[in-house]
Amino acid sequence: MLFSRMRDLQALDSLLLKELKSCCVRESSFLPRKAGLKLMESTENHCRVFAKCRDTRVEELRSLSSFFGYCTQTFVQAVNLFDRFLAVMKVQPKHLPCIGVCCLHIAAKLVEEESTVSPTHELIRISQSKFTVSDVCRMEKIIWEKLNVEPQAVTAFTFLHLYYSAFSSLSAGREEIPSIGRLEAQLKACLCRLVFSKAKPSVLALSLIAQEFEALSSILLLKIIKQFQRHLKIGDSELLHWKELVANCMTEYRSSECTKPDHRKLVWIVSQRTAQALQASHFSVPRLPTIPEKSWDESESDDSCEDISCGEASPCSSLGSDGEGAFFPSTLLSYKK
């Protein structure tokens, strides 16, 4: 039975393995420069971007991506652009917000449907940034020119889905495998740490799968991983190194002390005057119109009072939480209906 399943893997050579090998050839073009990454790891001053500064910004990009409903591929491609740009350019920390927002906006325009891409001014406002739409346009142009941005970038997300499609077809219900959503969430958690930007996308994706599949103790799945290693020339020591880093990252990510990007909330900073105005309007009692006597129905008096009180107590009716206007993305309004 096992040998027949391994023959199934050989039958996929002409389709999936050919695409995997093609992606392996191209993946080096989308890797950040090692020298630039090492400089970020070794630098800890206010004049240059260092690892912790970069990780904080990527977590904010993850929050923005989640807020606007962007898919995992958009976030992964945004991080790839972000790291590649930081690795080739001398950037001061004060410029990171603009660069990060631009990378996310570029990735969204490449991956998402045009109707779901947030307008530039909306993205700036939600991110609480101080730059303007013209600043974003200028920075986007610089990023496009410096990185030679391509629509079909090869990232860990690319390999993760190629690997997963092979495992899904080969197992065909005979083996219980984790969902692709779970693996994508783990990939996003890893990319919030600079160290994983040094890994080849093909190796990082296989390490995520190998680390997750080990707990299943499935001989078939482990054999398939070995087959992928052989075809893509991924050594055991290399896979083990990144698999251990992934396991450490997941342990830290699941701990209570970790600030998870998925649970990170966006915080709006307002001036003291605005805060006082919001507080005053929240507690003020609105003037209600007089109810004509003719429309009063004693049989419905209890229900009417309950409806009015619920309406006043609802958070959606208070100033600042009503999802109307340009402050909130248009896609968010559909959830209120």
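Reader: In which hand does H11 pass H12?
Author: This is a predicted model, where local features need pLDDT of at least 70, side-chain atom pairs count only at pLDDT 80 or more, and totals for chains, interfaces and linings use all residues. Residues are numbered from 1 along each chain as its sequence is written, and side-chain values use heavy atoms, leaving out hydrogens and water. Helices are DSSP runs of H or I, at least four residues, numbered from the N terminus. A crossing is left-handed if the near helix is turned anticlockwise from the far one by less than a right angle, right-handed if clockwise; for H11 and H12 it's left-handed.

Reader: Are H11 and H12 roughly parallel or roughly antiparallel?
Author: Axes are lines fitted to C-alpha atoms over the stretch in contact, with angles from 0 to 180 degrees between N-to-C directions. Helix H11 (residues 201-213) and helix H12 (residues 219-232) pack at about 160°, axes 10 Å apart. Under 35 degrees counts as roughly parallel, over 145 as roughly antiparallel, 65 to 115 as roughly perpendicular and the rest as oblique, so this pair is roughly antiparallel.

Reader: How many disulfides are there?
Author: A disulfide here is a pair of cysteine sulfur atoms within 2.5 Å. The sulfur of Cys102 is 4.1 Å from the closest cysteine sulfur, in Cys98, so that's too far for a bond. By this rule, the count is 0.

Reader: Is Glu176 buried or exposed?
Author: Glu176 sits in the loop between helix H9 (156-171) and helix H10 (180-191). Buried means under 20% relative accessible area, exposed over 50%, partly exposed in between (1.4 Å probe, protein chains only). At 68%, Glu176 is exposed.

Terms used: Helix = DSSP H or I, 4+ residues; strand = E, 2+ residues; numbered from the N terminus.
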